[in-house]
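Subject: Structure handover

Hi,

Here is the structure I promised you. Please open it first, then read my notes below.

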Amino acid sequence: MKILVSVIMSVYEEPVENVAKSVSSIIAQTYTNWEFIIVLDHPNNLIVRDYLVNLSKNHDNIKLIENKSNIGLGASLNKAVALAKGKYCARMDAEDRS
């Protein structure tokens with residue numbers, strides 16, 4: 001099945017609780033033809049990194065990209081868009097809920 005919706009998000013210094021609520025709100029959707037591309041733009045945010053690594057291992061439609069250093073929101077989102085396979089792209093912030 002071809003992916004219809006690519007959801008993109010960049011994470012920097014947001015608390016893991018906020019990131020988890022945001023991600024959970026996407027996973028809980030009844031629509032299933034999506035991918036979620038998450039860019040970790042702060043490689044030293046180890047708590048969030050561990051959460052996202054485990055999450056991406058347990059969900060085939062979640063892709064994690066780890067920047068080697070902070071490149072900023074715009075550049076991180078551009079990386080996600082470049083990898084997106086969906087016909088449509090939806091943008092989430094790490095504190096958003098869907």
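Contact here means heavy atoms within 4.5 Å. Keep in mind that this is a predicted model.

**The sheet**

Start with the strands. There are 4 of them in an open sheet, ordered β3-β2-β1-β4, with parallel pairing. β3 (62–66) and β4 (88–92) are the edge strands, and each of them pairs on one side only. On average, neighbouring strands are turned by 20° against each other, direction ignored. As background, the strands of a sheet pair through backbone hydrogen bonds, either parallel or antiparallel.

Now look at β1 and β2 (residues 34–40). They run parallel and are joined by 7 bridges.

**Two residues in β1**

M9 lies in strand β1. Is M9 buried or exposed? Its relative accessibility is 0%, so M9 counts as buried. Neighbours within four places in sequence aside, M9 is in contact with residues including V19, S22 and V23. Take V39: in sequence it is 30 residues from M9, yet their C-alpha atoms are 6.2 Å apart in space.

S10 also sits in β1, which spans residues 5–11. S10 has a relative accessibility of 7%. The cut-off for buried is under 20%, so S10 counts as buried. Which residues is S10 in contact with, leaving aside neighbours within four places in sequence? They are V39, D41, L73, S76, L77, M92 and A94.

**The helices**

Next, the helix pair. α1 covers residues 16–27 and α2 covers residues 46–58. Their axes come within 9 Å and cross at roughly 20°. The cut-off for roughly parallel is under 35 degrees, so α1 counts as roughly parallel to α2. The crossing of α1 past α2 is right-handed.

Which residues meet there? From α1 come V16, V19, A20, V23 and I27. From α2 come I47, V48, Y51, L52 and L55. By class, this contact has 10 nonpolar residues, no polar ones and no charged ones.

Last, helix against sheet. α2 lies across β1, β2 and β3. Relative to β3, α2 runs at about 145°.

Best wishes

Conventions. Residues numbered from 1 in each chain as written. Predicted model: local features only at pLDDT ≥ 70, side-chain atom pairs only at ≥ 80, totals over all residues. Heavy atoms only, no water. Axes fitted to C-alpha atoms, helices over the stretch in contact; angles between N-to-C directions. Parallel < 35°, antiparallel > 145°, perpendicular 65-115°, else oblique. Left-handed = near helix turned anticlockwise from the far one by under 90°. Nonpolar A, V, L, I, M, F, W, Y, C, P; charged D, E, K, R; others polar. Buried < 20%, exposed > 50% of the residue type's maximum accessible area, 1.4 Å probe, protein only. Pairing = 2+ DSSP bridges.
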